[in-house]
Amino acid sequence: MGLALLALASNAVHKLWKWQRSERNLTGKATAYVAPQLWQPPSGTLMTNDINESKPAEESAACIALSKNDSYVMSASGGKVSLFNMMTFKVMTTFMSPPPAATFLAFHPQDNNIIAIGMEDSTVQIYNVRVDEVKTKLKGHQNRITGLAFSQSLNVLVSSGADAQLCVWNIDGWEKKKTKFIQAPPGRQSPLVGETRVQFHNDQAHLLVVHESQIAIYDSKLECSRSYVLCEQLHFSNEQKDYWARCQSGFDRPVAEWSPKDSLAAPISSAIYSSDGFLVYTGFCDGAVGVFDADSLRIRCRIAPSAYIPSHAAGGTTAYPSVIAAHPTEPNQIALGMSDGAVHVVEPSDVEMKWGGPSSQDNGAHPSNSSNPSPGGQLSELPSR
């Protein structure tokens, strides 16, 4: 419902903020204009993950997933995977002692007892919480798993890894249907390496693929496609700063082209669909956020770091969005988990306007009035991921 914001800090502690009803916030929903309150149950219990004693939590991969009804949260910070009750913050169970450590988590779309767990050793383990048993182990990647996405309509699980590879698994028998490495852009060494994330669109057919070198959307009919190209870089010019990406899907047909402005030349750090699926929010390592039309990947506007990072205007060190969360019902609102531990809630300055509307500038947008309290200052108690 968009009434709270959950973050997993790099020290393995979860933080939950809730917005209260007030004269400035009559609905009690998340907003960039009113600072939320840090919430804990009356017992004072903290949701804290198990850690690996041989490796600091800050150096371990942190991963988190919410169940369909938001009643449970599953997460890991280098140690065992923990399952928490969101109402009481109590640990219901822990499982999967490292090594290898869990690096990505996803609930099965039809059964909260079935969990896909991406591992540090490049496997994906399908685990049944109820019977405490690994049902099967999926092998196909060459490096740690960095993304998992289920499509109920296509009946598949897509996994992505730090090997810049995508694997497609049938969720009935868990056999591998297809696999493909992302193609390197001109001027980059091939094959690509680095974290690759995936997310299905609301229609459960379009797939967003995120790598530091590219974002791409694939229009997929996985059950019938046999020949496909994931992403082919067609043109790059240092003078023009034009970057054209054409993707084929069946991932089977061209669906996206992108020609960004000079100010969006930094490596990509994260990306996510908006709640309605019409936008793709993309974070860059210079702190900027690009707002793209999802159907064409054309840039709609750029959110400058100075628009939401107070210290940036004063010449402070630039942090960047290491993770982006989309509001579940407000397509123009996002939360940014920053590399320096801050969390910012960002939305257009005029709630009636959309990103890229008449009030947006060519090189920037206005997520909130600077005179209003900054949620980033309220949400920065611990480093967040």
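Predicted model: local features only at pLDDT ≥ 70, side-chain atom pairs only at ≥ 80, totals over all residues.
Modeller: Residues are numbered from 1 along each chain as its sequence is written, and side-chain values use heavy atoms, with hydrogens and water left out.

Biologist: Okay, why is Trp-355 called buried?

Modeller: Trp-355 has a relative accessible area of 2%. Buried means under 20%, exposed over 50% and partly exposed in between, with a 1.4 Å probe and protein chains only, so Trp-355 counts as buried. Trp-355 sits in the loop between strand E27 (343-346) and helix H2 (375-378). Its C-alpha atom is 9.3 Å from that of Phe-292, 63 residues apart along the chain.

Biologist: What makes Trp-355 and Asn-332 a polar contact?

Modeller: A polar atom of the Trp-355 side chain lies 3.0 Å from the backbone oxygen of Asn-332. The cut-off is a pair of N or O atoms within 3.5 Å; within protein, one must be able to donate a hydrogen and the other to accept it, and residues adjacent in sequence count only if both atoms are side-chain atoms. At 3.0 Å, this pair makes the cut-off.

Biologist: And what makes strand E14 mostly covered?

Modeller: Six of the six residues in E14 (residues 165-170) are buried. On one side you have Gln-165, Cys-167 and Trp-169, and on the other Leu-166, Val-168 and Asn-170. Strands (E, at least two residues) and helices (H or I, at least four) are DSSP runs, numbered from the N terminus.

Biologist: How do you know that E14 pairs with E15?

Modeller: Two strands pair if DSSP finds at least two bridges between them. E14 and E15 (residues 176-181) have five, in the antiparallel sense, so they pair. Leu-166 stands opposite Lys-180 there. E13 (residues 156-161) is also joined to E14 by five antiparallel bridges, with Ser-160 opposite Leu-166.

Biologist: What stands out in the two hairpins?

Modeller: The hairpin of E13 and E14 has three residues between the strands, and Ala-164 takes a positive phi near 55°. In the hairpin of E14 and E15, with five residues between the strands, Trp-174 takes a positive phi near 65°.

Biologist: Why are E1 and E3 called edge strands?

Modeller: The open sheet runs E1-E2-E3, with antiparallel pairing. E1 (4-8) and E3 each pair on one side only. E2 and E3 share three bridges, and Trp-17 has Leu-38 in E3 as its bridge partner.

Biologist: Which strands supply its lining?

Modeller: E2 (14-18) and E3 (37-39) each give at least two residues, and E2 has the largest share, three. Among the lining residues are His-14, Trp-39 and Phe-89.

Definitions and conventions. 1 Å grid on protein atoms, 1.4 Å probe; cavity = no way out; pocket = protein on both sides within 12 Å on 5 of 7 lines; lining within 4 Å.
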